[in-house]
There are 2 protein chains.
Amino acid sequence: MDLDRLITGIRDGDRRALARAITLVESGRADHRAQATQLLDAVTDPERQAIRIGLSGTPGVGKSTFTEAFGLMLTGQGLRVAVLAVDPSSARSGGSILGDKTRMEQLSRDPNAFIRPSPSQTELGGVARRTREVIALAEAAGFDVVIVETVGVGQSETLVAQMTDIFTLLLAPGGGDELQGVKRGIMEIADLILVNKADGEMKAQAGRTCADYAGALRLFRKRPGDPEDFPKALTVSAVTGDGIATAWDEMRTLVAHRRASGQFDKTRARQNRHWFDDAVRHGILRHLGSDPETRARMEELGAAVAAGDAAPSAAADRMLSLLFGGDRPD
Amino acid sequence: MDLDRLITGIRDGDRRALARAITLVESGRADHRAQATQLLDAVTDPERQAIRIGLSGTPGVGKSTFTEAFGLMLTGQGLRVAVLAVDPSSARSGGSILGDKTRMEQLSRDPNAFIRPSPSQTELGGVARRTREVIALAEAAGFDVVIVETVGVGQSETLVAQMTDIFTLLLAPGGGDELQGVKRGIMEIADLILVNKADGEMKAQAGRTCADYAGALRLFRKRPGDPEDFPKALTVSAVTGDGIATAWDEMRTLVAHRRASGQFDKTRARQNRHWFDDAVRHGILRHLGSDPETRARMEELGAAVAAGDAAPSAAADRMLSLLFGGDRPD
């Protein structure tokens, strides 16, 4: 692989170079990993900054339809849009390339759009780490908006919130979170709740659902530094397009406010530091886990702890003694 | 220190032995740590199981008054009650022994009660790890109910939720979470919301606040396996005692339900495993951090990452190469 050509291609915003670079970043091979590291370092440019939008919603709320309508509106304004996915289920199924591109047929043909499904890895943390790198690549390739889709059922939302600037929850009209299968805690991290399908006979119901959520949001404390009226609930229709421009306006308002207050940069710095720490921690544990004896002992002690037969800290001390000898860290 | 006498004392439920054991567990000295590990291992007994209740609420909601009334009701039923605190601010101030005991004057003189303030450590994670061990000691000493108090303003709630069976949020009448300073996300982990001060001229307002929260709770998905009507919101008065017996009934109902379904044991096993993993991870990082050169390099790379000058994963790979040589973990 010609790394220099890839670097130039990304800097030039070439979509094929971006696709190849993503494949490299997602590869599990050690030599690819070394190249990916070099690549990421070379293209990292603090001057190129997309708006990163996390978009969560359970299957059936119309996430793909919304993303297509939202994406086409953005490309219609001359903006370049990348759509990525973090799908916890793809850890098992191996992604859904065909599915994503089929569902966003028009957007996938748009020269200013780039759609990439979730990488297939066996572990959600690994998927998240790679997705974060893919965001960085899309940003380096000059995309203005990066949408990171996730299915609102697992812990993937927290991970996506840690790599985006704005977190949006897409809901269908009617029912509480329970009926919609939204996991406890997701509503709490949302900057914007969009109640989709506000069209036809669902319109009135969408308005009521939106009002319910707006009321519930008032019970939560706003994020420090955010405008008084955020987080916000709005109705949208991916079919008629109603509310989609407003949603984008609200996102830009929030980003502009956070940029002016310095909160935007602060959050990004915190996120970067988080992923650095996470990668170092993960790397250390992986290194230790590569020793079969260490791993077996860890599992054995972990099972005793789970069964209540050993105190967690006592078992941990034994594990640490095994790793580092007589030295007993607190 | 005579460890055998301490072990016997704890098994006999002796409060002075418990107090001394806690001091040992909280000590930062390496030889104390080794003894604490031995002690925890010796007294761990899966047969002795308290109901562990997490209690969160911002200053001013009447947490101490509630705990005193609640604790006295329990000791009045012949139950033994331990009250522990995780106070993020004590990481700076060094705890508030006098404060806690003064505020719960009657309970602190009750022979069936044991009150222990937050350990003073410089790091919340360290406070949490020690508190978890103190819970284990109180459980081994035969306490029937262990109440872990925390101030609802930081990340301490998530930590406390990871070490208790039931999480209770205490609120004052009026205003949303915002007015009460409750952090986003806390309401989400509550099994029970208690609106305190439902007495005198505040009574009607407390009822309205309770109804608001009951409505908001319906928007969250219940925990898998929990009864349909949980999480729940109730009014209580720490002054008149109204609702306190009901709150305890609800807690027992929830615990009985979770015990019958196996969820109770499953959650404890998961929590134990979590604290084991946490202690091992922490120990490894601490061991690495004890090397000044490693620490300096980690800070240097972390700062570059936060500033956007280096890609998090690339910086992490460099850190890992430094630690383990040419080996590059994913």
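A charge is taken to sit over a ring if NZ of Lys or CZ of Arg is within 6 Å of the ring centre and within 35 degrees of the ring normal. In the predicted model examined here, A:K232 meets this criterion over the face of A:F230, at 4.9 Å from the ring centre. In chain B, B:R259 lies over the face of B:F264, with a distance of 4.4 Å from the ring centre.

Because the model is predicted, local features need pLDDT of at least 70 and side-chain atom pairs count only at pLDDT 80 or more, while totals for chains, interfaces and linings use all residues. Residues are numbered from 1 along each chain as its sequence is written, chains are lettered from A and ligands numbered from 1 in the order in which they are written, and side-chain values use heavy atoms, with hydrogens and water left out.

A:K232 also takes part in a salt bridge, defined as a side-chain nitrogen of Lys or Arg within 4 Å of a carboxyl oxygen of Asp or Glu. The partner of A:K232 is A:D229, with an N to O distance of 2.9 Å. Solvent exposure was classed by relative accessible area, with buried under 20%, exposed over 50% and partly exposed in between (1.4 Å probe, protein chains only). On this scale A:K232 is buried, at 15%, whereas A:D229 is partly exposed, at 42%.

Over all chains, the structure holds 37 salt bridges. Side chains of opposite charge can pair when their charged atoms come close. A:R129 and A:D278 form one such bridge, their closest N and O atoms being 3.0 Å apart. This pair links distant parts of the chain, since A:R129 belongs to helix α8 (residues 124-140) of chain A and A:D278 to helix α14 (residues 263-289) of chain A, 149 residues apart. Helices (H or I, at least four residues) and strands (E, at least two) are DSSP runs, numbered from the N terminus. A:R129 is buried, with a relative accessibility of 8%, and A:D278 is likewise buried, at 17%.

A further salt bridge joins B:E299 and A:R273 at 3.3 Å, N to O. This pair crosses between chains, from B:E299 in helix α15 (residues 292-306) of chain B to A:R273 in helix α14 of chain A. B:E299 is partly exposed at 45% relative accessibility, and A:R273 is partly exposed at 21%. Within chain A, salt bridges also link A:R52, A:E139, A:D165 and A:R268 in a network.

Aromatic contacts were assigned between rings of Phe, Tyr and Trp (its six-membered ring) whose centres lie within 6.5 Å; planes under 30 degrees apart count as stacked, over 60 as edge-to-face and the rest as tilted. By this rule, six aromatic pairs are found over all chains. Among them, A:F66 and A:F70 are stacked, at 5.4 Å centre to centre and 15° between the planes. Both residues lie in helix α4 (residues 63-76) of chain A, four residues apart, or about one turn of the helix. An α-helix has 3.6 residues a turn, so residues three or four places apart point the same way. A:F66 is buried, at 1% relative accessibility, and A:F70 is buried with a relative accessible area of 1%. In chain B, B:F70 and B:W248 form an edge-to-face pair, at 6.0 Å centre to centre and 75° between the planes. This pair connects helix α4 (residues 63-76) of chain B, which holds B:F70, with helix α13 (residues 244-261) of chain B, which holds B:W248, across 178 residues. Both B:F70 and B:W248 are buried. In chain A, one aromatic cluster is formed by A:F66, A:F70 and A:W248.

Helix α1 (residues 3-11) of chain A has A:L3, A:L6, A:I7, A:G9 and A:I10 buried. These residues are on the same side of α1(A) because they cover an arc of only 160° around the axis, the arc being that of the directions from the helix axis to the C-beta atoms. A:D4 and A:R5, on the other side of α1(A), are exposed. At the start of α1(A), a side-chain oxygen of A:D2 reaches to within 3.2 Å of the backbone nitrogen of A:D4. Just after α1(A), A:G13 takes a positive phi of about 75°.

Finally, cysteine pairing was examined, with a disulfide defined as a pair of cysteine sulfur atoms within 2.5 Å. A search of the whole structure finds zero disulfides over all chains. A:C210 is buried, with a relative accessible area of 10%, and B:C210 is buried at 10% relative accessibility.

How values were computed
Polar contact = N/O pair within 3.5 Å; in protein donor to acceptor, adjacent residues only side chain to side chain.
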